[in-house]
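User: I am new to this structure and would like to go through one part of it. Please take my questions in turn.

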Amino acid sequence: MANGNRSVLVVGLGRFGSAVATTLDHMGQDVLAVDRNAELVSRWSSILPTVQADLTDVMAVEQIGITDFTTAVVAIGDSVEASVLVTGNLLDAGISDIWAKSVSLQHARILERIGATHIINAETDAGKRVGHLVSGNYLDYIEIDGPHTVVKIHTPNHLIGYSIAEAQVHERYGVTVVAVKSPNRDLEYGSKDLVMHRNDELILMGTQDQIEQLIRG
Ligand code: ADP
């Protein structure tokens, strides 16, 4: 078994679930993909270990031998009812680490209430990310936890020519400069004497509000 004893059950072989399952498989993790749709299962069976089953049915859950799995990904977006029932069945069967895809705020709330450990709002998250990139302020953007983000921006005009300490980036904005990438130079980790130049890319960590304030200056 790869990587300690983690083995992952992926339920739902739509675009999301199949991307999760193939990524895990490429990374050498033990993965079993389940879908109730026989046609999908046969399409994926030459690429991934797959089983056809409807996991809203407790008997089907038992037949799969659930005790082998430490983690499950519930990638069912076409039926909120099925997503919730499957999540409940897997929790009842003893899988405590469950990543469930939600398609709405209400869906996310129910999944959270019944005990899913991670809720993935794939469309909302992707939409937010694209919004930030399209705004042109960010070269890259990752949401870490709640309001916390890591972003890549060009050095704002008001910071050009100052070191991180001189600009008091953390003291004034609460933002951490993780690293600075100058054109034609290797990436350097943020240290107090590092000077930020025009056209440098800054990798920053902070809340979105703090970063917006830093950009405005
Ligand atoms: P995406 O939006 O990521 O393309 P969908 O959410 O439309 O994917 O796909 C969900 C998948 O989950 C479908 O392939 C569907 O057959 C499968 N599915 C739905 N309910 C169950 C269930 N009870 N047990 C197993 N698989 C299910």
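User: How many bridges join strand 9 to strand 10?

Analyst: This is a predicted model, in which local features need pLDDT of at least 70, side-chain atom pairs count only at pLDDT 80 or more, and totals for chains, interfaces and linings use all residues. Residues are numbered from 1 along each chain as its sequence is written. Strands (E, at least two residues) are DSSP runs numbered from the N terminus, and two strands pair if DSSP finds at least two bridges between them. Strand 9 (residues 176–181) and strand 10 run antiparallel, and the number of bridges joining them is two.

User: Which residue in strand 10 is the bridge partner of Ala-179?

Analyst: Strand 10 covers 188–189 and is an edge strand, pairing on one side only. The partner of Ala-179 there is Tyr-189.

User: What is the order of the strands in the open sheet?

Analyst: Strand 7 (140–145) and strand 10 are the edge strands. The sheet has five strands with antiparallel pairing, in the order 7-8-11-9-10.

User: Is Pro-183 buried or exposed?

Analyst: Pro-183 sits in the loop between strand 9 and strand 10. A residue is buried if 20 or more other C-beta atoms (placed from the backbone) lie within 10 Å of its own, exposed if 12 or fewer, and partly exposed in between. Pro-183 has 9 such atoms within 10 Å, so this residue is exposed.

User: Which residue in strand 8 is the bridge partner of Tyr-141?

Analyst: Strand 7 and strand 8 run antiparallel and are joined by five bridges. In strand 8, Tyr-141 has as its bridge partner Val-151.

Technical notes. Helix = DSSP H or I, 4+ residues; strand = E, 2+ residues; numbered from the N terminus.
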